[in-house]
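This briefing goes through a structure by topic. Look at the sequence and the model first, then read on.

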Amino acid sequence: MGLLFKARKRAEEADLSALPRHIAIIMDGNGRWAKKRGLPRTAGHAAGAETFRRVATWCKDVGLEYLTVYAFSTENWKRPREEIEAIMGLLDKYLLEAIGRMERDRVRMRFFGDTSVLSPRLRELIEKTAEISTHFEGCQVNICLNYGGRDEIVRAARAYAEDFKKGAADDLNEELFESYLYSAGVPDPDLIIRPSGEYRLSNFLMWQSAYSELYVTDVLWPDFDQNEMKRAIAAYQRRNRRYGGI
Ligand code: IPE
Ligand code: IPE
Ligand code: MG
């Protein structure tokens, strides 16, 4: 009881009028959630997709500017084919539904990662969401799909080198380098949330996370909800960001 009360109180402490600009989430723990219930891992991914829908809607409703989620990493291809296909199928379903609602909901979408290797159908849906997103302002949801932080940095380095060779780029500095990342134009995440209790970044936003505040909770992603979001935000609001200063 005591603990429950404390947790509830912390959620209420979140000041939603002073939100961070950008929250990023490593949507982890789907497999364990399913295993706990004696279900196949794919059921965990389906539940995780629902959680994503609810959390993204909440973020839009409270006026968050940027939400970035890690949906599939460059390392997740190591998983069994059936599991990968199930994840891609869920993405397909989600995007198809989202396309009909984006403009009304004022949710813009962008994808970080190498989407060129995805199925033609998924690529088409991704292009459509990008096109719709150009028509209005609103909450921007970045979906990291076939994304790896190291891969992103190597690609950026290659693209810069190409431009430099052509005489199309100046000497390199941090600002110029950032313009070659998938996240070009997006402010760095203020807060990175990792459900499922793992204390690692797993190749997520390696460049952008330099000064992000990290928040880890044991709650598994399918069990995550708006109260967990508020708890993370309340914890963030108690942090003292120094950026190397005093
Ligand atoms: C996160 O959940 C989803 C993806 C990585 C695609 P997991 O599938 O990694 O769940 P756990 O970590 O095995 O519980
Ligand atoms: C990170 O989770 C990737 C996503 C959530 C998409 P993983 O489950 O792949 O990470 P590890 O293997 O536990 O580090
Ligand atoms: Mg995992």
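Of the 13 residues around ligand 1, which come nearest? They are Asp28, Gly31, Arg32, Arg41 and Arg79. The model is a predicted one.

- Ligand 1 takes up the space of the largest pocket.
- At least two residues of the shell around ligand 1 come from each of helix H2 (30-36), helix H3 (41-62) and helix H4 (81-105).
- H2 supplies three residues, the largest share of this shell.
- Sorted by class, the shell around ligand 1 holds five charged, five polar and three nonpolar residues.

- The side chain of Arg41 has an N or O atom 2.8 Å from an oxygen atom of ligand 1.
- Gly31 approaches through its backbone, with an N or O atom 2.9 Å from an oxygen atom of ligand 1.
- Gly29 also has a backbone N or O atom beside ligand 1, at 3.4 Å from an oxygen atom of the ligand.
- On its own, ligand 1 exposes 380 Å², and the protein buries 88% of that area.

**Ligand 2: where the surroundings come from**

- The residues around ligand 2 are Ile26, Met27, Asp28, Tyr70, Ala71, Phe72, Asn76, Arg79, Arg194, Arg200 and Ser202.
- Strand S2 (residues 66-73) gives three residues, the largest share of the shell around ligand 2.
- This shell consists of five nonpolar, four charged and two polar residues.
- The space that ligand 2 takes is the largest pocket.
- Asp28 and Arg79 belong to the surroundings of ligand 2, and both are also among the residues that come nearest to ligand 1.

**Ligand 2: polar contacts and cover**

- In Arg200, a polar side-chain atom lies 2.8 Å from an oxygen atom of ligand 2.
- For Asp28, the distance from a polar side-chain atom to an oxygen atom of ligand 2 is 3.2 Å.
- For Arg194, the corresponding distance to an oxygen atom of ligand 2 is 3.4 Å.
- Ligand 2 has 390 Å² of accessible area on its own, of which the protein covers 78%.

**Salt bridges**

- Side chains of opposite charge can pair when their charged atoms come close.
- The whole structure contains 24 salt bridges.
- One salt bridge joins the side chains of Arg238 and Glu13, with 2.8 Å from N to O.
- This pair links distant parts of the chain, 225 residues apart.
- Arg238 is in the segment after helix H8 (226-237), while Glu13 is in the loop between helix H1 (2-12) and strand S1 (22-26).

How values were computed. Residues numbered from 1 in each chain as written. Chains lettered and ligands numbered in written order. Predicted model: local features only at pLDDT ≥ 70, side-chain atom pairs only at ≥ 80, totals over all residues. Heavy atoms only, no water. Near = heavy atom within 4 Å. Polar contact = N/O pair within 3.5 Å; in protein donor to acceptor, adjacent residues only side chain to side chain. Areas by Shrake-Rupley, 256 points an atom, 1.4 Å probe, with all protein chains shown as cover. 1 Å grid on protein atoms, 1.4 Å probe; cavity = no way out; pocket = protein on both sides within 12 Å on 5 of 7 lines; lining within 4 Å. Sits in = over half its atoms within 2 Å of the grid points. Helix = DSSP H or I, 4+ residues; strand = E, 2+ residues; numbered from the N terminus. Nonpolar A, V, L, I, M, F, W, Y, C, P; charged D, E, K, R; others polar. Salt bridge = Lys/Arg side-chain N within 4 Å of Asp/Glu carboxyl O.
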